[in-house]
Amino acid sequence: FLYPLPAAATEPMTWTLRGYTLIPVFHIIGGIGIWVLVTSLPPLPRIVTKAKRIFTFLLPALISLYILSQVIPFLINYYTLFPTMPETFGPSQYGVKEVMEYIKTHGDSYDKIYVTRDINQPFVYILFYTSYDPALYQSIDKVQHMGEWGAVYHFDKYYFKYIDDMPADEPDSLFVTRWNRPLQGKRLLKKIIDPQGDIQYQIWD
């Protein structure tokens with residue numbers, strides 16, 4: 001029951017939405033309470049006992065049907081409708097997976113890799129998609145800003161900068177930029193395009 005407190009104490013206020021994940025817990029507790037109440041009723045007259053048996057069968061069945069009626073449409077919308085909605089491409093950072101898979105496949109060919117900070121906390125995706133050794137990451141030096149949500153600006157050969165701060169003359173380097181902004185003097189290798197046909201990321205060297 002202490003779970004919501006850390007999230008509720010964070011800033012800005014929108015992050016209190018993290019506490020929403022607790023809501024199903026109260027439903028589960030309430031459901032258990034109803035089940036215990038129904039199954040622990042004292043002996044009742046025969047007709048009432050028969051009704052109780054019917055009720056104890058119908059209640060789980062009705063609850064199950066209700067849950068399915070909510071879960072199935074949610075899953076259908078989540079996996080079919082939601083990924084095709086243009087308004088979600090930006091906030092959901094459409095294309096990050098493709099960018100990181102490209103880095104994982106081709107990154108060994110470069111001495112330095114620059115990734116745009118227009119990706120929210122890009123170092124997290126690098127660690128995840130490249131299967132970077134957690135023990136190694138904890139032990140190496142990093143350029144980090146603890147006051148900015150723990151943002152990491154550099155570790156190993158990875159550098160996280162906005163496009164205007166990326167070096168113009170950096171040989172043997174890979175660059176990842178956001179949207180349709182050109183990176184002068186670099187060769188375009190790949191575009192990550194969303195289902196709407198808009199460029200989300202570009203990869204250069």
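**Salt bridges, rings and a pocket**

Tutor: D205 and R187 join their side chains in a salt bridge, 2.6 Å from N to O. A salt bridge here is a side-chain nitrogen of Lys or Arg within 4 Å of a carboxyl oxygen of Asp or Glu. This is a predicted model, where local features need pLDDT of at least 70 and side-chain atom pairs count only at pLDDT 80 or more, while totals for chains, interfaces and linings use all residues. Residues are numbered from 1 along each chain as its sequence is written, and side-chain values use heavy atoms, with hydrogens and water left out.

Student: Where do D205 and R187 sit in the chain?

Tutor: D205 is in the segment after strand 7 (199-204) and R187 in the loop between strand 5 and strand 6, so the pair links distant parts of the chain, 18 residues apart. Strands (E, at least two residues) and helices (H or I, at least four) are DSSP runs, numbered from the N terminus.

Student: Is R187 buried or exposed?

Tutor: R187 is exposed, with a relative accessible area of 53%. The cut-offs are under 20% relative accessible area for buried and over 50% for exposed, with partly exposed in between (1.4 Å probe, protein chains only).

Student: How many salt bridges does the rule give?

Tutor: The count comes to 3. One of them joins K112 to E170, with the closest N and O atoms 3.4 Å apart. K112 lies in strand 1 (residues 112-116) and E170 in the loop between strand 4 (158-161) and strand 5 (173-178), so this pair ties together parts that are 58 residues apart in sequence. K112 is partly exposed, at 26% relative accessible area.

Student: And what does R181 pair with?

Tutor: R181 meets D164 in a salt bridge of 2.9 Å, N to O. The pair links distant parts of the chain, 17 residues apart, with R181 in the loop between strand 5 and strand 6 (188-193) and D164 in the loop between strand 4 and strand 5. R181 is partly exposed at 37% relative accessible area, whereas D164 is exposed at 62%.

Student: Switching to rings. How many aromatic pairs are there?

Tutor: A search of the whole structure finds 12. Rings of Phe, Tyr and Trp (its six-membered ring) pair if their centres lie within 6.5 Å; planes under 30 degrees apart count as stacked, over 60 as edge-to-face and the rest as tilted. F123 and Y137 are a stacked pair, 6.4 Å centre to centre with 15° between the planes. F123 lies in helix 5 (residues 122-129) and Y137 in helix 6 (residues 134-139), so the pair ties together parts 14 residues apart in sequence. Both F123 and Y137 are buried.

Student: What else is around Y137?

Tutor: Y137 belongs to one aromatic cluster with F123, Y132, F155, Y158 and F160. The charged end of K142 sits over the ring of Y137, 4.5 Å from its centre. That call needs NZ of Lys or CZ of Arg within 6 Å of the ring centre and within 35 degrees of the ring normal.

Student: Last topic. Which helices line the largest pocket?

Tutor: Helix 2 (23-39) and helix 3 (46-81) each supply at least two residues of the lining. Among the lining residues are H27, I28, Y66 and Q70.

Student: What classes of residue make up that lining?

Tutor: The lining has 7 nonpolar, 3 polar and no charged residues.

Definitions and conventions. 1 Å grid on protein atoms, 1.4 Å probe; cavity = no way out; pocket = protein on both sides within 12 Å on 5 of 7 lines; lining within 4 Å. Nonpolar A, V, L, I, M, F, W, Y, C, P; charged D, E, K, R; others polar.
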